[in-house]
Amino acid sequence: MAMSVVALLVVIALAAGVGCGFLLVRPAIPQSLRSSTASGSITAAKSRFDDARDVTVTVYTGTGRTVASPKSGTITAYGCAPGQTIDSGTSFIAVDEVPLLALHTAVPPFRDLQSGMRGRDVAALNAELRRLGYAAPDGDAMTWDTILAYNALADTVGAARLVKDNGWTLAKDAYMWLDGQSVTIRSCVAGIGASIDVKSELLTTDSQSQSVSVTMPQDEVVAGDRVLDVDGRMVDMPQQTTAITDSSTLAALLWAATLIGRRPAQLSPPRARRTARRM
């Protein structure tokens, strides 16, 4: 029995040795498959491709306008200076010690508004109040929320509120209408102490840019979003976009366009170059 165990162990040892021999012996590579090039390492080269292009940027502008007083009386405060900006929802003048609210709406005020009335003018008022951060309704109806939102805005500048005594009515002459969310003063006409009537001229504004078109090059352009650079002013240009209508962007581009004679405009795929001209 002991001899059988010993013989078995010898057989196992021999089998293990043979197996290890197979594992340790590396099969020879045929000469025809051997590489003639010594192995080594290389450094990958880096390069940038942004397909920058020159393009034509055309700025279409509207005309400046006169801002008139909706009230008659004596000017007791007047913050006007050429080049100054007037934003919708602010006040730059007081008549008989009551500040007048300057407000932009897409539809100019042409009638008195009361609760329950509907129309495009009401929708425009609600939209501007919401844009300014007040809880006006999203619709074309004059509601109690519209009145509360307007009064909250009026309180920020000390303008007249809508109250029970006037039937909660927003008169068409309650505020000065602006033709843009922000306008730039060209010239000041009135002054402190001046007596004015309804429709008296208070100031004139610069022309407002209405749109900017980008004429893309005729040769093939790499697909994808791009960035328009006009004198350092960067504007995102999503793929297939050729026009810009955002009011704040337009105002910045209109200003930059006046410098094009001194510094070039550019555009690229997140950064492309263009040449701009002003109309």
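Trainee: Is W144 buried or exposed, or something in between?

Mentor: Buried means under 20% relative accessible area, exposed over 50%, and partly exposed in between (1.4 Å probe, protein chains only). W144 is partly exposed, at a relative accessible area of 44%. Do keep in mind that this is a predicted model, where local features need pLDDT of at least 70, side-chain atom pairs count only at pLDDT 80 or more, and totals for chains, interfaces and linings use all residues. Residues are numbered from 1 along each chain as its sequence is written, and side-chain values use heavy atoms, with hydrogens and water left out.

Trainee: Where does W144 lie?

Mentor: Helices are DSSP runs of H or I with at least four residues, strands are runs of E with at least two, and both are numbered from the N terminus. W144 lies in helix α3, residues 144-157. The chain has four helices and 16 strands.

Trainee: Thanks! Now the cysteines: which residues does the disulfide join?

Mentor: A disulfide is a pair of cysteine sulfur atoms within 2.5 Å. Here C80 is joined to C188, with S to S at 2.0 Å, and the structure holds one disulfide.

Trainee: Why is the disulfide left-handed?

Mentor: The torsion about the S-S bond of C80 and C188 is about -95°, so the disulfide is left-handed. C80 sits in the loop between β3 (73-78) and β4 (85-87) while C188 is in strand β8 (residues 182-188), so the pair ties together parts 108 residues apart in sequence.

Trainee: What is the relative accessible area of C80, and of C188?

Mentor: C80 is buried at 17%, whereas C188 is partly exposed at 29%.
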